[in-house]
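Subject: A structure for you to explore

Hi there,

Here is the structure I promised to pass on to you. Have a look around it first, and then read on for what turned up.

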Amino acid sequence: VLYGIPLSESNRFRFGFDIHQIDLDVGRQASDEIVEFKDKEGDDFLNFETTLSWRGDSRDSAIFPKSGGTQAVFAELSLPGSDLTYYKLSYENQRYWPLAERLTFSLSGEIGYGDDFGDTSRLPIWENYFGGGPNTVRGFAARSLGPRDSNGDPLGGNASYFGSAELLFPPPFMSDIDTVRLVTFFDVGSVIDTDETDFFDPDELRYSAGIGGSWLSPVGALTVSYAVPINADNQDEEEEFQFNFGQTF
């Protein structure tokens, strides 16, 4: 159940209540981390959770903004009587500044953190944060950044932070077209497990730079990008060309 309250034309508050019934089935090739979680916590959970969020939007346009910005705060908390007790907090902010009539500069960032409390030993694995992909650090495969399990697969972490700087402009010699916008960008971000490393660990940061474009097609927004990872290691999954449907820069 989710209920929203408009505080003003540009601000909205939401709160919700969830009931989750979770059955955890561990396969024969499950990683050590999943087996350990099942041994400590069990495999059958009933959780009651509340969510709170606030979002402000001062953009001059919801499609191709040139000024203003958005910011949002999100909180999730397990309620008494839940089999697993944990919380998650996140904050997002994106700003736009017009540099010229058809040239816009944008900065965005987000940070998230979650942890257990009470008798739960760790943040549930399926609640972990992940990184990589069109919405975080482009040039790396989606959900591939951060800690890995004993099988070498992405495990996610209980904290993440990402940032991006973008220069937005119309296609050369096509400045009268309002349905296409190009971008050059620089992305940075990290996913970590605070039980294994400090909250901010420069060695875990990943960077990428690239170019891209957004097209407002008849069936929705289509975004493509080409990014080059700057400091990938031998465990990172690179994916230089990426696309996203339904979202613009």
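To get you started: where does arginine 138 lie? Find the loop between β6 and β7, and you will find arginine 138 there. Please keep in mind while you look that this is a predicted model.

**Arginine 138 and its partners**

Is arginine 138 buried or exposed? Its relative accessibility is 4%, and buried means under 20%, so arginine 138 counts as buried. Its side chain makes a polar contact of 3.0 Å with the side chain of glutamate 166. Another polar contact, of 3.1 Å, joins the side chain of arginine 138 to that of serine 164. If you set aside the neighbours within four places in sequence, the residues in contact with arginine 138 include Gly133, Phe185, Asp187, Ser208, Ser225 and Phe249.

**Salt bridges**

How many salt bridges does a search of the whole structure find? The search finds 9.

- Lysine 88 and glutamate 127 meet through their side chains, with N to O at 3.3 Å. Lysine 88 is buried, at a relative accessible area of 12%, and glutamate 127 counts as buried at 12% relative accessibility.
- Aspartate 178 forms a salt bridge with arginine 102, and the closest N and O atoms are 3.6 Å apart. Aspartate 178 is in the loop between β8 (159-169) and β9 (180-192), and arginine 102 is in the loop between β5 and β6, so the two tie together parts that are 76 residues apart in sequence. Aspartate 178 is exposed, with a relative accessible area of 54%, whereas arginine 102 is partly exposed at 30%.
- Glutamate 237 and arginine 148 also meet in a salt bridge between their side chains, at 3.5 Å from N to O. This pair links distant parts of the chain, 89 residues apart: glutamate 237 is in the loop between β11 (220-229) and β12 (238-239), and arginine 148 is in the loop between β7 and β8. Glutamate 237 is partly exposed, with a relative accessible area of 35%, but arginine 148 counts as buried at 16% relative accessibility.

Salt bridges that share partners join Arg138, Glu166 and Asp187 into one network.

**Arginine 181**

Next, go to strand β9, where you will find arginine 181. This residue counts as buried, at 7% relative accessibility. What does the side chain of arginine 181 reach at 3.0 Å? The backbone oxygen of proline 65. Beyond its neighbours within four places in sequence, arginine 181 is in contact with residues including Ile63, Phe64, Leu168, Gly212 and Phe249.

The largest pocket holds about 840 Å³ of space. It is lined by 35 residues, and those closest to its centre are Gln94, Asn135, Gln247, Thr248 and Phe249. The elements that each give two or more residues to this lining are β4 (68-78), β5, β6, β8, β11 and β13 (241-245). By class, the lining of the largest pocket divides into 11 nonpolar, 17 polar and 7 charged residues.

The second largest pocket has a volume of about 660 Å³. Of the 34 residues that line it, Ala72, Phe74, Ser90, Glu92 and Glu110 lie nearest its centre. Which element gives the largest share of the lining of the second largest pocket? That is β3, with 5 residues. Other elements that give two or more residues to this lining include β2 (11-23), β4 and β8. Its residues fall into 11 nonpolar, 13 polar and 10 charged.

Happy exploring, and write back with any questions!

Best wishes

Conventions
Residues numbered from 1 in each chain as written. Predicted model: local features only at pLDDT ≥ 70, side-chain atom pairs only at ≥ 80, totals over all residues. Heavy atoms only, no water. Salt bridge = Lys/Arg side-chain N within 4 Å of Asp/Glu carboxyl O. Buried < 20%, exposed > 50% of the residue type's maximum accessible area, 1.4 Å probe, protein only. Helix = DSSP H or I, 4+ residues; strand = E, 2+ residues; numbered from the N terminus. Contact = heavy atoms within 4.5 Å. Polar contact = N/O pair within 3.5 Å; in protein donor to acceptor, adjacent residues only side chain to side chain. 1 Å grid on protein atoms, 1.4 Å probe; cavity = no way out; pocket = protein on both sides within 12 Å on 5 of 7 lines; lining within 4 Å. Points joined across faces, edges and corners; volume = space filled by probe spheres on them. Nonpolar A, V, L, I, M, F, W, Y, C, P; charged D, E, K, R; others polar.
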